[in-house]
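Dear colleague,

Please find below the structure that I am handing over to you. My notes on what was found in it follow directly after.

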Amino acid sequence: MNTKLVAPSLLAADFGNLQRDVEMVNQSDADWHHLDIMDGVFVPNISYGMPVIKAIAQHATKPLDVHLMIIDPDRYIKTFADLGANYLTVHYEACNHLHRTLQAIKSEGMKAGVALNPHTSVSLLEDTIQDIDLVCMMSVNPGFGGQSFIENTYQKVSDLKNLIERKNSKALIEIDGGVNATNAKKLVNTGADVLVAGSFVFKSQDPTETIKNLKEQIA
Ligand code: DX5
Ligand code: ZN
């Protein structure tokens, strides 16, 4: 894929002004809305639940990229399909039957994503990469926004890119955590297709401008 995508993570939005922040993403140069769903079990934090997710989905006009940081994600596949999710990403570490989960996501008409924690080797996707539409490479330990980017991610992106090419997979490579103007270009040059950015966008003075600059930087 040639066009590189930016997916602002609403985890860093102002929840008192959620509609305003969703509209900001709608009007910006961003490509997707990234939604972080945390259950307080798979990760040590709870983000937001169904009523909030529904409100976001109602106002969002761009594709919904849903990142499930929850145990037993199969229970919610149908719910997110009904909400209009375009990409549904589950964690490798949360799935006992990953192949079955991927098929279930696709049978509901969504694109299937798999997220890898920083400690999880890319080689574990050797036998599923052809069934995956998106690999969400965690560049921080999931659970919180605003953490520092883990430098080992570059090596993993390059390993993943090789695996995708070797297996003739169409999977997109998404980077999630600590993305900013310092690492964006290098990530894309290493093989990334989609950059998730939370704090870097929403904590900036002018989020619309920050998204625009990020897009220009990786174009
Ligand atoms: C972390 C989430 C990320 C997070 C990114 O668990 O999956 O999507 O919101 O936030 P930043 O860009 O602030 O690291
Ligand atoms: Zn995420």
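**An exposed loop residue**

Ser123 is exposed, because 10 other C-beta atoms lie within 10 Å, where 12 or fewer is the limit for that class. Please note that the model is a predicted one. Ser123 sits in the loop between strand E5 (111–116) and E6.

**Overall form**

The protein contains 8 helices and 8 strands. Its radius of gyration is 16 Å, close to the 17 Å given by the globule rule for 219 residues, so the protein is as compact as a globular protein of that length. The C-alpha trace spans about 45 × 35 × 30 Å along its principal axes. Of the 219 residues, 42% count as buried. Among contacts in the protein with a separation of 6 or more, 66% are made by residues 24 or more positions apart.

In soluble globular proteins, nonpolar side chains tend to be buried together. Here the largest nonpolar core has 62 residues, and Val66, Leu88, Ile132, Val135, Met137 and Leu195 have the most contacts inside it. The element that gives the most to this core is E6, with 5 residues. Leaving out residues up to four places away in sequence, Leu195 touches Val6, Ile175, Val179, Ala184, Leu187 and Ile218.

**The annotated sites**

An unreviewed UniProt entry carries a "binding site" annotation that covers His34, Asp36, His67 and Asp176. These residues are spread over 143 residues of sequence, yet they cluster in space, with a largest C-alpha distance of 10.4 Å.

His67 belongs to strand E3 (residues 64–69). His67 is buried, because 28 other C-beta atoms lie within 10 Å and 20 or more are enough for that class. Not counting residues up to four places away in sequence, His67 touches His34, Leu35, Asp36, Ile37, Thr89, Ala115, Cys136 and Asp176.

Asp176 is part of strand E7 (residues 172–176) and is likewise buried, with 26 other C-beta atoms within 10 Å. Apart from neighbours within four places in sequence, the contacts of Asp176 are His67, Cys136, Met137, Met138, Ser139 and Val196.

A further "binding site" annotation from UniProt (unreviewed entry) covers Ser9, His67, Gly143, Phe144, Gly145, Gly146, Asp176, Gly177, Gly178, Gly198 and Ser199. Phe144 lies in the loop between strand E6 (134–138) and helix H5 (153–166), and is partly exposed, with 17 other C-beta atoms within 10 Å. Gly178 is in the loop between E7 and helix H6 (184–190). Gly178 is buried, with 23 other C-beta atoms within 10 Å, and touches Ser139, Val140, Gln147, Ser148 and Phe149 when residues up to four places away in sequence are not counted.

With kind regards

Conventions: Residues numbered from 1 in each chain as written. Chains lettered and ligands numbered in written order. Predicted model: local features only at pLDDT ≥ 70, side-chain atom pairs only at ≥ 80, totals over all residues. UniProt positions renumbered as here; feature names shortened; annotations may be inferred. Helix = DSSP H or I, 4+ residues; strand = E, 2+ residues; numbered from the N terminus. Contact = placed C-beta atoms within 7 Å. Core = buried A, V, L, I, M, F, W, Y, C linked by C-beta atoms within 7 Å. Rg over C-alpha atoms; globule rule 2.2 N^0.38 Å.
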